[in-house]
Amino acid sequence: MAQQIEHTHLLVRGLNLHLAQVGKDELGTVVFLHGFPEIWYTWRHQMLAVAAAGYRAIAPDSRGYGLSDQPPEDVEATWEDLVADVLAILDALSIQKVFLVGKDYGAMPAYDFALKHPDRTRGVMCMGIPFSPGPFNFDTMPEGFYILRWREPDRAEADFGRHDVRRVVRTIYILFSRSDVPIAEEGQEIMDLADLSTPLPPWFTEEDLDAYAALFEKSGFRYPLQIPYRSLHRMTKHVDPKFKVPVFMVMGEKDYCFKFPGFETAMRSGVMNTFAPDLKITYIPEGCHFVQEQFPDQINDLLLGFLKDHP
């Protein structure tokens, strides 16, 4: 299946970024932005679906992830870089306007790009993370909350370093596919919350795990811990943001992120509508954090419907 997808590198703002691509630009282009601990491969089902429907699919490995170059260690990681990378990719490929699809932290640059460059955006579809005009606040969460743990310098490195890369990715996929927020007890680290006897989710195969592990063997976790976890307090602050393009939010109701402070309220109370006048929200009752891999056919149908509704 994934063999149909072509791979190339593009020199973007001083870094060679890896791009996975498939399909012809008959009806338009869709750019997919992954989250953590993901790479382009997380979008394999959606890429083939939009390509079969007449669109060009492009999924970069974000800077510092997978087969893309690592930024220099002395360069501060910023969310603005992710937006600028997308713009540079479009310019390099001579693509005028795109649909953006983002998930997890990839939703943030998707939202930000649509706000900053509405003339280059046909619509934005995001999963798992609602739009926020400023940084998320997790100060009310317990000390063992994984984001608080991983934003501490060197803590995640020491935790991950006890295991090989495959085991780290395996554990994170297991934890993030649950409906409970990953929280460690005192004297426990996040990697201790699952062991090798814990089965993988039924929709995630050993071959899938091999694909992720191989790419994180190349990139490591240094930069992926900077973006997102150690840069959340530097998320772009928007003053009176208003989306001028259609926004489609998909949320798995068993996504642990739904339990983050303010997330459910932002989606169910109508707060997001104040920022996005043309907003659609769909809930997937059994959907977890990796809903695009868990229920690919359902997500493909929703995505294709969104594309066709905005020709």
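**Pocket, core, cysteines and a loop**

I looked up the largest pocket, whose volume comes to about 170 Å³. My pocket search runs on a 1 Å grid over the protein atoms alone, where a pocket is an open set of points at which a 1.4 Å probe fits, with protein on both sides within 12 Å along at least five of seven lines, and lining residues have an atom within 4 Å of a point; points are joined across faces, edges and corners, and the volume is the space filled by probe spheres set on them. Of the 14 lining residues, S132, F136, P261, G262 and F263 are the closest to the pocket centre.

I note that this is a predicted model, so local features need pLDDT of at least 70 and side-chain atom pairs count only at pLDDT 80 or more, while totals for chains, interfaces and linings use all residues. Residues are numbered from 1 along each chain as its sequence is written, and side-chain values use heavy atoms, with hydrogens and water left out.

Helix 9 (263-268) and helix 10 (271-275) each give the lining of the largest pocket at least two residues, helices being DSSP runs of H or I with at least four residues, numbered from the N terminus. I sorted the lining by class and found 11 nonpolar, three polar and no charged residues, with Ala, Val, Leu, Ile, Met, Phe, Trp, Tyr, Cys and Pro as nonpolar, Asp, Glu, Lys and Arg as charged, and the others, Gly among them, as polar.

Next I took the largest nonpolar core, which has 117 residues, and those touching the most other members are F32, M47, M125, Y146, W150, F176 and F260. Such a core joins buried Ala, Val, Leu, Ile, Met, Phe, Trp, Tyr and Cys residues through side-chain atoms within 4.5 Å, where buried means under 20% relative accessible area, exposed over 50% and partly exposed in between, with a 1.4 Å probe and protein chains only. Helix 6 (residues 165-176) supplies the largest share of this core, eight residues.

I then searched the whole structure for disulfides, pairs of cysteine sulfur atoms within 2.5 Å, and found zero. The sulfur of C126 is too far for a bond, because the closest cysteine sulfur, in C257, lies 13 Å away. C126 is buried at 0% relative accessibility, and C257 is buried at 1%.

Last, I checked R151, which sits in the loop between helix 4 (146-150) and helix 5 (155-160) and is partly exposed at 42% relative accessibility.
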